2 protein chains.
Amino acid sequence: MDNQQIVLAERPEGMPGDQVFRYEDIETAQPDAGEVVVESVYISVDPYMRGRMNDGKSYAQPFELNEPLGGHILGRVVESRTESYSEGDVVTGTLPWKLYNTVSEEALTKVEALDVPLHLYLSTLGMPGHTAYGGLLKIGEPEAGETVVVSAASGAVGAVVGQIAKIKGCRVVGIAGGSEKVNYLTDTLGFDAGIDYKKPDFAERLTEAVPDGIDVYFENVGGEISDEVFKHLNRFSRIPVCGAISGYNSTADTGPRIQQTLIKNQAKMQGFLVAQFADDAAVTSRQLAEWVKEGKIHTEVSVAEGFDSVPEAFRNLFTGGNFGKQVIKVSESLD
Amino acid sequence: MDNQQIVLAERPEGMPGDQVFRYEDIETAQPDAGEVVVESVYISVDPYMRGRMNDGKSYAQPFELNEPLGGHILGRVVESRTESYSEGDVVTGTLPWKLYNTVSEEALTKVEALDVPLHLYLSTLGMPGHTAYGGLLKIGEPEAGETVVVSAASGAVGAVVGQIAKIKGCRVVGIAGGSEKVNYLTDTLGFDAGIDYKKPDFAERLTEAVPDGIDVYFENVGGEISDEVFKHLNRFSRIPVCGAISGYNSTADTGPRIQQTLIKNQAKMQGFLVAQFADDAAVTSRQLAEWVKEGKIHTEVSVAEGFDSVPEAFRNLFTGGNFGKQVIKVSESLD
């Protein structure tokens, strides 16, 4: 079988251009005992990967130069030398960006058939969904009647955050870019208000949308959008900090310092990673799947086609060019 | 009796000059039933008052123009029309800056004689001590063996924070300005290290002082000092945000945004006010008094003399011109 991988050719400054991603033809390693060969079917691209492209302390190990990039992949077992896996099994794992990976069975999780689209295992039932669930409920601790604001609200994490907040009885305001996304928040996801950060009246619209202030701000973007949101924080408000995507490709992410705002409002701002909720992952998955099947959580997905489109799909995360969870379909074998 | 008050003559821009404080001769109101006349003995000046001089949303009501400024005062009852108070009683309260206040008995707290210097009721046993205790223990949650860094470490709050952290078995590093204060931290207060933020090698010295990173940063100053501290945060570190004194007199408190730092370290940054710990005030007072009497908490005080020196003593808080808790002695009647 023809195999290819994508390696980190150079560390990007700012937005990663095509020269950052080098495609290489490779051999597929023969599996040893305890290993399987997995064909990649859906590749997930996620904003946190940008941090791993830098060479410096971050929460995840930096990618190595001239080594494969990688992330969450949903795939199909094509060869197994284990007792646990058989050809045709659907699996997920954090794997290098290769068309075929030969890996230990321990690197994989078998997907239980839940009669939902497969890409959901990379979105609402995967890392983004668990991020939304843990960050909102365990750090944001929203109560019924409170106002929850979420930025990047039509994104893979934001959309789930807002829908869970609705389930919990909150007033939910989403911030996104462009009319299509904003209308999607209110029309499809059932948010109480959607605000377009690209419009000149963003600040006024935000003020109108939170007449009782903000109790929970689920932070995905940082930058000037969030500077504006912070003006409306209530006393004892909570800010789960999931991402700061506006700053990931900039070398100087500066703005108003936050200390005085936190004191004034006795507010809590807490950075988190999905890994810290790992102990509760099974319960979380079951709850999310239940909400999906009850029709309470809707998931939008942007599917790019083909291994060649990975760099462009990755950049879409930062330019707003995607809509919902961005994945790349690299094989037709599970259609 | 000759009485005077200090009113807010204009709202300051930046550092409050003398023109902000207007002295007025006034009559002392005759007490009604249920009221007492209190002679001010020690007046406390505290950084939070600067925020109240602005006209805008803060955590405390703004001072009114042409009305008295005010804050914590320790005084002596000179006339009482209540059953609870007698002439000569020592009391504390949040009172207008007047030489004599005629107030309801409900505005006062009687000071229990604990055989300690009177100014301690405005410092370690008063608001600053309670701020240190609640912020460090309830938000910072330091554990034995962890590294605690505190800024404005020789100040009324910071000195208590560091000494409590030592009592709890932590490595304690204090940041202060000038050799005298820095030496005081290690020689008198028993900190493990003291660092002078005014020296050009501040960043290097800080790095040396926290070889295992920082688990708790008790934030009093904000600004560039804290930007540097944040580089050393550990995973799951906690930042109780008590103050940001470096920014109180500036119109643009800008710098690196904090979101990416919080995510990287899964860190928590939480603003607080001493009022939120009010339910535990009695327990806190007893614990602090015990530590003071055991010699485990030492308190330094800067005493300015005379009602006329209030404006200068207030500015000392922001220029580093004071050492320890700043109070103004306005009467000799309790010597």
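These legends describe close-up views of a predicted model.

**View 1. Strand β10 of chain A, residue by residue.** Strand β10 of chain A covers residues 193-196. Ala193(A) and Ile195(A) point one way from the strand. Gly194(A) and Asp196(A) point the other way. In a regular strand, side chains alternate between the two faces of the sheet. All four residues, Ala193(A) to Asp196(A), are buried.

**View 2. Strands β9 and β10 of chain A, side by side.** Strand β9 of chain A (residues 171-176) pairs with β10(A) in the parallel sense. Four bridges link β9(A) and β10(A). Across the pair, Val173(A) stands opposite Ala193(A) of β10(A). Helix α4 of chain A spans residues 179-187. Together, β9(A), α4(A) and β10(A) form a right-handed β-α-β unit.

**View 3. Asp187(B) in helix α4 of chain B.** Asp187(B) belongs to helix α4 of chain B, residues 179-187. Its relative accessibility is 63%, so Asp187(B) counts as exposed; the cut-off is over 50%. The side chain of Asp187(B) makes a polar contact of 3.3 Å with the side chain of Thr186(B).

**View 4. Asn220(B) in a loop of chain B.** Asn220(B) sits in the loop between β11 (214-218) and α6 (223-229) of chain B. Asn220(B) has a relative accessible area of 8% and is therefore buried; the cut-off is under 20%. A polar atom of the Asn220(B) side chain lies 2.8 Å from the backbone oxygen of Ser151(B). Leaving aside neighbours within four places in sequence, Asn220(B) contacts several residues, including Val150(B), Ser151(B), Ala152(B), Val157(B) and Gly158(B). Cys242(B), Gly243(B), Ala244(B) and Ile245(B) are also in contact with Asn220(B).

Notes: Residues numbered from 1 in each chain as written. Chains lettered and ligands numbered in written order. Predicted model: local features only at pLDDT ≥ 70, side-chain atom pairs only at ≥ 80, totals over all residues. Heavy atoms only, no water. Buried < 20%, exposed > 50% of the residue type's maximum accessible area, 1.4 Å probe, protein only. Helix = DSSP H or I, 4+ residues; strand = E, 2+ residues; numbered from the N terminus. Pairing = 2+ DSSP bridges. Right-handed = clockwise from strand over helix to strand, strands pointing away. Polar contact = N/O pair within 3.5 Å; in protein donor to acceptor, adjacent residues only side chain to side chain. Contact = heavy atoms within 4.5 Å.
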